[in-house]
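Please examine the sequence and the structure shown below before reading further. The briefing is arranged by topic.

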Amino acid sequence: MTNQTPPPISDGTPFHFGEHEFLFGGQIEELVDSSPIKKDVVALKSRMAEEGYLFIRGFHPHEKAEAAARWTLGAIADRDGLREGTPISDGIIGPENQNFSFFRQIEVAHGQPILDVVDSAETFAFYERMFGGPVLTFDKRWLRCMARDRNNHFHYDNVYVGRGTPNRYTMWSALTDIGLENGPLVLCLGSHRQEKLKTTYGATDMDRDLTEAVFSQDPVELVEKFGFKLATAHFQPGDVVLFGMFMMHSSAPNLTDRYRISIDTRYQPADEEKDERFFFREDGVWMGNFYNKGATYRSMVDFRKEWGLE
Ligand SMILES: O=C(O)CCC(=O)C(=O)O
Ligand SMILES: [Fe+2]
């Protein structure tokens, strides 16, 4: 496979998100690539503070990201998830169109090809520079293989993984080639500064407050009601997006018959309080989200009424 930076997305290019079509240069724009400043910590930090995200092309070596994707596709093949008769490396989705989220299957999510990407010495060194000291990552890694028409919905990560220190970044890493049709990550620009959203929805903890956690499934309301511009890119294996706990994001539906594979991981200073839900306990598993078995997680529609955000 070639390793060429995709050309800039020209104005007027359509982006399909569910029923909706957004146009580049209008309601959606291309993420700004920070790879030219990736060694300049001061510039990175100030851009992160300003824009709420860093998109860094080629953060992980392309071959390592591709090896991680092949490893993951091998795990899908072992579970009969690929279309019969197609090469594993093509990642063609089988007839059951099944999503694979290798969250608790640590034999997959903690496989060496995965850790060679998200736990690499270079990755840790990068976060050590960003945080100015030793860092740690959660035991849980969110390795996601999205089938056709599937996506995740708009949320702040704080609602899911926000306990402990506020000094924590999410890193979303593309492992496959993720173009506009393959269900790329979509950010709501400026949402890291939307005080009302941050102090209502953003201040909830889904497992403490028993909320459904997803803020919205509708990209149009984020544009029209909240005034956000959307941003995405054509991602290559190894490209990453970093953001803090208050950046509204989603993925768009994967419109193709090829698995979209990404992994999201979290990094924070090692000496600051962790979110204990995502670390191995003595019994060898972590608690995770939705641990209140039998509890009803209340609808976001109700919460939004209470907040005056309907
Ligand atoms: O990859 C996705 O679909 C969602 C990613 C996400 O929510 C995250 O990286 O925090
Ligand atoms: Fe997220």
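This is a predicted model: local features need pLDDT of at least 70, side-chain atom pairs count only at pLDDT 80 or more; totals for chains, interfaces and linings use all residues.

Residues are numbered from 1 along each chain as its sequence is written, and chains are lettered from A and ligands numbered from 1 in the order in which they are written. The protein chain contains ten helices and 13 strands; helices (H or I, at least four residues) and strands (E, at least two) are DSSP runs, numbered from the N terminus.

**Overall fold**

- The radius of gyration of the protein chain is 19 Å, which agrees with the value near 19 Å for a compact globule of 310 residues. This radius is taken over C-alpha atoms, and the globule rule is 2.2 Å times the number of residues to the power 0.38.
- Along the principal axes, the C-alpha atoms of the protein chain fill a box of roughly 55 × 55 × 45 Å.
- Of the 310 residues in the protein chain, 41% are buried. A residue is buried if 20 or more other C-beta atoms lie within 10 Å of its own, exposed if 12 or fewer, and partly exposed in between, with C-beta atoms placed from the backbone.
- Among contacts between residues at least 6 apart in sequence, 81% join residues at least 24 apart. Two residues are in contact if their C-beta atoms, placed from the backbone, lie within 7 Å.

**The shell around ligand 1**

- The residues around ligand 1 are Arg144, Asn152, Asp157, Thr170, Trp172, Leu185, His249, Ser251, Ser262 and Asp264. A residue is near a molecule if its C-beta atom, placed from the backbone, lies within 6 Å of it.
- Strands β8 (169–174), β12 and β13 each give two or more residues to this shell.
- By class, the shell has two nonpolar, five polar and three charged residues. Ala, Val, Leu, Ile, Met, Phe, Trp, Tyr, Cys and Pro count as nonpolar, Asp, Glu, Lys and Arg as charged, and the others, Gly among them, as polar.

**Helix α2**

- Helix α2 (residues 62–78) has 17 residues and reaches 24 Å from its first C-alpha to its last, close to the 24 Å expected at 1.5 Å a residue. The expected span is 1.5 Å times one less than the number of residues.
- Its buried residues are Ala65, Glu66, Ala68, Ala69, Thr72, Leu73 and Ile76. Seen down the axis of α2, these buried residues fall within an arc of 155 degrees, so they line one face of the helix. The arc is that of the directions from the helix axis to the C-beta atoms.
- An α-helix has 3.6 residues a turn, so residues three or four places apart point the same way.
- On the other side of α2, Glu63 and Asp78 are exposed.
- The buried residues of α2 pack against β5 (100–102), α3 (106–109), α4 (112–118), β7 (142–146), β8 and β13.

- Pro253 belongs to the loop between β12 (249–251) and β13 (260–269), and it counts as buried because 20 C-beta neighbours lie inside 10 Å.
- Beyond residues up to four places away in sequence, Pro253 touches Gly18, Asp149, Arg150, Asn151 and Gly183.
- Although Pro253 and Asp149 are 104 residues apart along the chain, their C-alpha atoms are separated by 4.9 Å.
- Gly183 sits in the loop between β8 and β9 (185–189) and is buried, with 28 C-beta neighbours inside 10 Å.
- Asp149 is in the loop between β7 and α6 (158–161) and is exposed, with 12 other C-beta atoms within 10 Å.

**Residues with positive phi**

- Most residues other than glycine have a negative phi.
- Asp149 has a positive phi near 65 degrees, and Asp80, which follows α2, has a positive phi near 60 degrees.
- Ala213 has a positive phi of about 80 degrees; Ala213 lies in the loop between α8 (206–209) and α9 (219–224).

**Strand residue Phe55**

- Phe55 is part of strand β4 (residues 53–56) and is buried, with 25 C-beta neighbours inside 10 Å.
- Leaving aside neighbours within four places in sequence, Phe55 is in contact with Leu31, Val32, Asp33, Ser34, Ala233 and Val241.
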